[in-house]
Amino acid sequence: MAIEAVTLKRLVEAELGKLNDDLVIGYVRGLLVEPTPDVRDWDYGTPGQQYVCWSVLEHPPSNTSIAFSEHGFGPSAPWGLLSLDKNKSMGMDSGWFPTFWAAFFESMPATCLKIWRVFRTDAAGVRTAISDEDFWDETWNAVYAHRDADPAARYDCDTSIAYDRE
């Protein structure tokens, strides 16, 4: 059965209820849009094959949106990162996620928040946050500096916010 806008709004609200971070929730609420269906090309099927994707969050500065689709990569990965422009493709599998939050934290809008930390993983595989929260670019600059100073360890950028990644 095809999803409808009212059902999708409830689904988004349920997803929002899974996160306990007022900064992120407030920011996301400001980007939510009325669920709007959009027919997109499915590049993995027969030529001309298309599926409906429902845009639920839009970020015009980055020309991106988060959409939901029951088809294509759904149901296992129904939340996708799409462009707002005329490119009507559903994109690649790497842009589709099992949860709304997994899609959001991989999206361009998430990089606008001061939620990112440098993580260090030592030779034993122990991963530890070693910085305060900062913006995306500043955190990545710190990651690169740590990598140069300590090539024996692994350094990466992530958030400490707990969310359902799968």
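Trainee: Before we start, what does "buried" mean here?
Mentor: A residue is buried when its relative accessible area is under 20%. Over 50% counts as exposed, and values in between count as partly exposed. Please also keep in mind that this is a predicted model.

Trainee: Are Phe73 and Trp96 buried or exposed?
Mentor: Phe73 and Trp96 are both buried. Their rings also form an aromatic pair, with the centres 6.0 Å apart and 35° between the planes, and this pair is described as tilted.

Trainee: Why is the pair of Phe73 and Trp96 said to tie parts together?
Mentor: Phe73 belongs to the loop between S3 and strand S4 (79-83), while Trp96 is in strand S5 (residues 96-97), so their pair connects parts that are 23 residues apart in sequence.

Trainee: How many aromatic pairs are there in the whole structure?
Mentor: The search gives 16 aromatic pairs. Another of these is formed by Trp101 and Phe105, which is tilted as well, at 5.9 Å centre to centre and 35° between the planes.

Trainee: Where do Trp101 and Phe105 lie?
Mentor: Helix H3 holds both Trp101 and Phe105, and they are four residues apart, which is about one turn of the helix.

Trainee: Why does Trp101 count as buried, and why does Phe105?
Mentor: The cut-off is under 20% relative accessible area. Trp101 is buried because its relative accessible area is 1%. Phe105 is buried because its relative accessibility is 5%.

Trainee: Which residues do ring pairs link into a cluster?
Mentor: The cluster consists of Tyr27, Phe68, Trp79, Phe100, Trp101, Phe104, Phe105 and Tyr163.

Trainee: Let us move to the core. Which residues of the largest nonpolar core touch the most other members?
Mentor: That core has 34 residues, and those touching the most other members are Val24, Trp79, Phe100, Trp101, Phe104 and Phe105. Elements giving two or more residues to this core include helix H1 (5-16), helix H2 (22-31), helix H3 (100-105) and helix H4 (136-149). Strands on that list include S2 (50-59), S3 (64-68), S6 (116-121) and S8 (154-159).

Trainee: Which element gives the most to this core?
Mentor: Helix H3 does, with six residues.

Trainee: What is Phe104 in contact with?
Mentor: Leaving aside neighbours within four places in sequence, Phe104 contacts Val24, Tyr27, Val28, Leu57, Ile66, Pro109, Ala110 and Leu113.

Trainee: Now the strands. How many bridges join S1 to S2?
Mentor: Seven bridges join strand S1 (residues 32-41) to S2, and the two run antiparallel. Within this pairing, Val39 stands opposite Val52 in S2.

Trainee: And how many bridges join S2 to S3?
Mentor: Five bridges join S2 to S3, again with antiparallel strands. Ser55 stands opposite Ala67 in S3. The two strands form a hairpin with four residues between them, and Asn63 in the turn has a positive phi of about 60°.

Trainee: What order do the strands have in the open sheet?
Mentor: The open sheet of three strands has the order S7-S6-S8, and the pairing is antiparallel. Strand S7 (127-129) and S8 are the edge strands, each pairing on one side only. Direction ignored, neighbouring strands are turned by 35° against each other on average.

Trainee: Which residue in S7 is the bridge partner of Thr121?
Mentor: The partner of Thr121 is Arg127, and three bridges join S6 to S7. Arg127 also lies over the face of Phe119, at 4.1 Å from the ring centre.

Trainee: Which strands does H4 lie across?
Mentor: H4 lies across S6 and S8, and runs at about 165° to S8.

Trainee: Last one: is Thr7 buried or partly exposed?
Mentor: Thr7, which is in helix H1, counts as partly exposed because its relative accessibility is 32%.

Terms used:
Residues numbered from 1 in each chain as written. Predicted model: local features only at pLDDT ≥ 70, side-chain atom pairs only at ≥ 80, totals over all residues. Heavy atoms only, no water. Core = buried A, V, L, I, M, F, W, Y, C linked by side-chain atoms within 4.5 Å. Buried < 20%, exposed > 50% of the residue type's maximum accessible area, 1.4 Å probe, protein only. Contact = heavy atoms within 4.5 Å. Pairing = 2+ DSSP bridges. Phe/Tyr/Trp six-rings, centres within 6.5 Å; stacked < 30°, edge-to-face > 60°. Lys NZ or Arg CZ within 6 Å of the ring centre and 35° of its normal. Axes fitted to C-alpha atoms, helices over the stretch in contact; angles between N-to-C directions.
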